[in-house]
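Student: I'm new to this one, could you walk me through it?
Tutor: Gladly, let us look at it together.
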Amino acid sequence: MRLYLGAQNEARQGVLLGPAAPASTSELVSEQTLTTQPAPLSPQQLQSALQQVDQVIADPASYANGNTQDVLSQALLSLALSGSAEAGEDLSERLKTSLPNLSAELFDNVVAEPAADVVQWYLLWAIGLNGHGRIPVELLNTPWTTPNNPREKYWQPTPAAAWAVAQIRQTDPETLTALVNRLSFEDDPTWLKGDFVGALSALTGKQFGYDEVTWQTWWAQQAILSN
């Protein structure tokens with residue numbers, strides 16, 4: 001695993017600080033062997049895991065034990081690590097379903113957040129790890145209205161959606177348009193704008209940093225070339 005730090009230079013361009021890229025394909029393959037390999041699920045295991053997820057999401061007790069994060073992550077883990085396109089699609093469908101109108105208690109009751117936000121956050125986490133599925137563009141367009149908190153930790157799905165589209169390589173025009181347009185949202189904190197810059201950079205290979213005009217110009221040119 002290689003660790004990198006994203007930053008912004010004086011020209012407001014994105015820069016990536018960290019180790020050099022692998023010198024050869026064999027080095028990259030060697031690194032990949034150290035990561036967790038997909039654990040395929042049989043059709044019966046897939047259905048059983050999905051049923052468990054549905055039960056956990058529907059059960060009010062899941063959000064009242066003080067550690068909702070553990071309950072949801074444990075229920076989703078096998079699906080997240082399966083590498084199954086079917087699992088990714090099924091998890092994506094659950095982003096569209098009615099979610100509980102409750103408060104979720106997290107980290108030994110230290111944090112309380114809307115359960116619907118927490119469920120969506122963990123579904124996005126599982127989809128991103130799985131590598132398959134479809135992230136609703138609506139989640140990329142949701143205005144940011146959450147006040148800053150001292151922990152600088154947030155469970156709203158918008159930043160998780162930006163991360164997930166990069167993980168599953170969701171590069172359709174609607175998604176890229178939403179990512180580019182998001183850079184002009186004036187109420188977004190800088191760190192959230194950075195999440196969208198990171199997603200765009202990962203999906204397009206372009207390094208325009210926080211320069212939204214350059215991103216918009218480039219994307220408009222792509223539209224012209226595709227016609």
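Student: What is the bridge partner of L106 in strand 4?
Tutor: That partner is V111. Please keep in mind that this is a predicted model, in which local features need pLDDT of at least 70 and side-chain atom pairs count only at pLDDT 80 or more, while totals for chains, interfaces and linings use all residues. Residues are numbered from 1 along each chain as its sequence is written, and side-chain values use heavy atoms, with hydrogens and water left out.
Student: How many bridges join strand 3 and strand 4, and in which sense do they pair?
Tutor: They pair in the antiparallel sense over four bridges, where pairing requires that DSSP finds at least two bridges between two strands. Strands are DSSP runs of E with at least two residues, and helices are runs of H or I with at least four, numbered from the N terminus.
Student: Switching to helix 3, why does S73 count as buried?
Tutor: S73, which is placed in helix 3, counts as buried because its relative accessibility is 18%.
Student: What does S73 contact, beyond its neighbours within four places in sequence?
Tutor: S73 is in contact with Y122 and W125, contact meaning heavy atoms within 4.5 Å. S73 and A126 are 53 residues apart in sequence, yet 8.1 Å apart in space, C-alpha to C-alpha.

Definitions and conventions:
Buried < 20%, exposed > 50% of the residue type's maximum accessible area, 1.4 Å probe, protein only.
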